[in-house]
Amino acid sequence: MRLFFLFLVLLSVMSWAHPHVFADVTVQAVFDETGFIGVQNHWEYDEIYGTSMFAAADANGDGLLSGKELESLKNAVLAPLAGQNYYNYVLSGTKFLKTTGVENFQAKNKDGRLVLDYLVRFSIPVSKDYQFFVVVVADPTFYISVTTDMENSGAKAPDAMEVEYYDDNLEGLTLMKSFRSDVEGLYVRFKK
Amino acid sequence: MRSSVAALLVALLLLCAQFSFSAVTKKKFSMDGSTASAETAESIAPSEIVESKTPSDSVAQDNQSVVSIHDSHVFCLTENFADQQKMLRENIAAKITAMKNGESGVVWTFLLICFLYGMLHALGPGHGKSIVVGYFLARNGKWKHGVALGAGITFTHTLSAVILLFVLYGILKAAVFPTFELGRQGIEKVSYGLVCFTGLLLIGIAIHDLVKLLKNRKTVSPSNVVESKNTSWKELIGVAAVTGIVPCPAVALIVLFCLLNSMVGLALAAAAVICIGMMLTNVMFGIAAIALKMGIDKGAAKTGWLAAYIHIVASFAGGLVVFLAGLFMLS
């Protein structure tokens with residue numbers, strides 16, 4: 001019986017590892033004079049998935065995406081993720097912030113890989129005291145295996161703002177326990 | 001002269017732009033102090049990762065038990081699986097590109113990589129392993145049944161992907177994948193719903209057997225209860241169809257990548273070899289499930305009348321595993 005339960009536990013843990021799409025991602029917490037305004041996403045998809053999505057959007061087959069083609073790609077890739085905050089999780093205090101949308105969507109083909117750049121909008125107004133938040137960009141369902149390049153991730157802010165950040169794992173963040181242990185977050189604090 | 005002034009202005013502007021972002025520093029900070037009073041056990045979480053020994057460390061230690069699974073070796077193993085799959089997928093893409101460029105000699109390496117990819121990929125959910133285990137806990141089967149169910153689910157899972165992709169490719173050409181995903185998600189919901197239903201059916205049979213046994217304790221022999229739960233080929237085909245009908249996106253993506261490179265034959269060969277790889281994993285689970293059930297049977301046989309009850313409990317547990325597997329995937 002002990003063997004049986006061991007088998008079932010192993011089975012359920014194995015069930016976590018099931019990626020179909022792979023993406024290398026960098027993120028930037030973006031600020032303006034009013035405070036934190038969003039997360040700049042840079043996604044490079046694996047060649048097999050990226051080629052499929054690019055080919056689907058590139059209606060005239062010229063290898064470039066513009067106008068309606070770009071909109072079509074945005075709908076195909078990002079629209080299904082709107083309910084999941086586009087996989088951008090910003091934990092401020094005990095709450096996850098809800099995005100107000102995506103801006104500046106751009107796409108290109110880089111050596112066969114689909115590259116997407118866009119800003120996922122959030123809002124935390126600046127104050128005189130430090131405010132803290134943690135940014136995680138990952139797919140908790142693991143359909144997309146996201147590898148975030150934390151070395152090249154960071155923050156962008158105007159001179160009037162004091163922003164500090166570092167990257168680390170999510171150990172100890174009980175609200176983030178649905179993420180895998182290799183997922184890292186960007187810890188940010190800022191004030192006027 | 002004018003151009004050098006312009007260049008100087010541009011350089012100054014760039015310098016200003018750089019300075020305008022200079023307020024950002026990469027620095028590990030503590031969240032103690034001014035904001036400490038506003039934090040709760042959940043919200044202080046960022047301070048828990050600060051290495052300094054502060055009073056908040058005690059809270060961090062309390063919380064460590066909640067997330068301790070993150071540190072387990074099993075998790076490291078699954079992360080490794082993902083990395084391996086990523087590497088294999090990159091290799092598959094590279095080999096297809098090489099063959100397109102005339103390097104036909106890499107075809108065997110390509111097929112070997114596809115096989116390994118299939119084996120690893122089938123360790124994820126949606127490939128029917130928990131259903132195979134649950135089903136053979138609930139129903140009696142022989143080795144050939146374990147092999148057949150594992151193989152049948154994988155074959156259906158691959159075939160449905162290839163058929164759906166080819167049909168949609170015939171209609172939509174290169175624009176196929178977003179539509180394939182929509183179709184897959186629809187089929188997925190129906191399939192997982194049917195898996196839940198199969199689990200409930202197995203639970204219902206177990207309860208029915210229990211009621212029957214309790215009512216006719218004197219007339220029903222334990223062997224009758226055990227034999228009544230023997231599987232049939234008809235049942236196996238049904239379970240394989242219900243579980244495997246969800247098209248495998250991993251197969252579909254590789255097939256489509258071949259089609260986009262005008263390699264129809266290679267697309268079919270890749271699908272077949274990935275299928276064999278996945279089959280091997282699923283068949284191993286099928287055999288393990290049969291071995292598990294045989295072990296239970298062997299132990300139960302020594303208990304005389306209790307054997308019937310043990311079989312009913314195993315059936316109930318098997319049905320529950322199938323139901324929960326369906327529910328987990330549905331949610």
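The model is predicted, so local features need pLDDT of at least 70 and side-chain atom pairs count only at pLDDT 80 or more, while totals for chains, interfaces and linings use all residues. Residues are numbered from 1 along each chain as its sequence is written, chains are lettered from A in the order in which they are written, and side-chain values use heavy atoms, with hydrogens and water left out.

**Exercise 1.** Classify the aromatic pair of Tyr49(A) and Phe177(B), and say where its two rings lie.

*Solution.* Begin with the rule: rings of Phe, Tyr and Trp (its six-membered ring) pair if their centres lie within 6.5 Å, and planes under 30 degrees apart count as stacked, over 60 as edge-to-face and the rest as tilted. Next, take the values for Tyr49(A) and Phe177(B), which are 6.1 Å centre to centre and 85 degrees between the planes, so by the definition the pair is edge-to-face.

**Exercise 2.** Classify the pair of Tyr130(A) and Phe132(A).

*Solution.* The centres of Tyr130(A) and Phe132(A) are 6.4 Å apart and their planes are at 40 degrees, and the pair is tilted. Both residues are buried.

**Exercise 3.** Find the edge strands of the open sheet of six strands.

*Solution.* First write down the order, β4(A)-β3(A)-β7(A)-β11(A)-β10(A)-β1(B), in which the pairing is mixed; two strands pair if DSSP finds at least two bridges between them. The edge strands are β4 (95-96) of chain A and β1 (24-26) of chain B, each of which pairs on one side only. Within the sheet, β3 (residues 88-92) and β7 (residues 131-137) of chain A pair in the antiparallel sense over four bridges, and Leu91(A) stands opposite Val134(A) in β7(A).

**Exercise 4.** Determine which charged end sits over the ring of Phe142(A).

*Solution.* The test asks for NZ of Lys or CZ of Arg within 6 Å of the ring centre and within 35 degrees of the ring normal. The charged end of Arg180(A) sits over this ring, 3.8 Å from its centre.

Terms used
Buried < 20%, exposed > 50% of the residue type's maximum accessible area, 1.4 Å probe, protein only.
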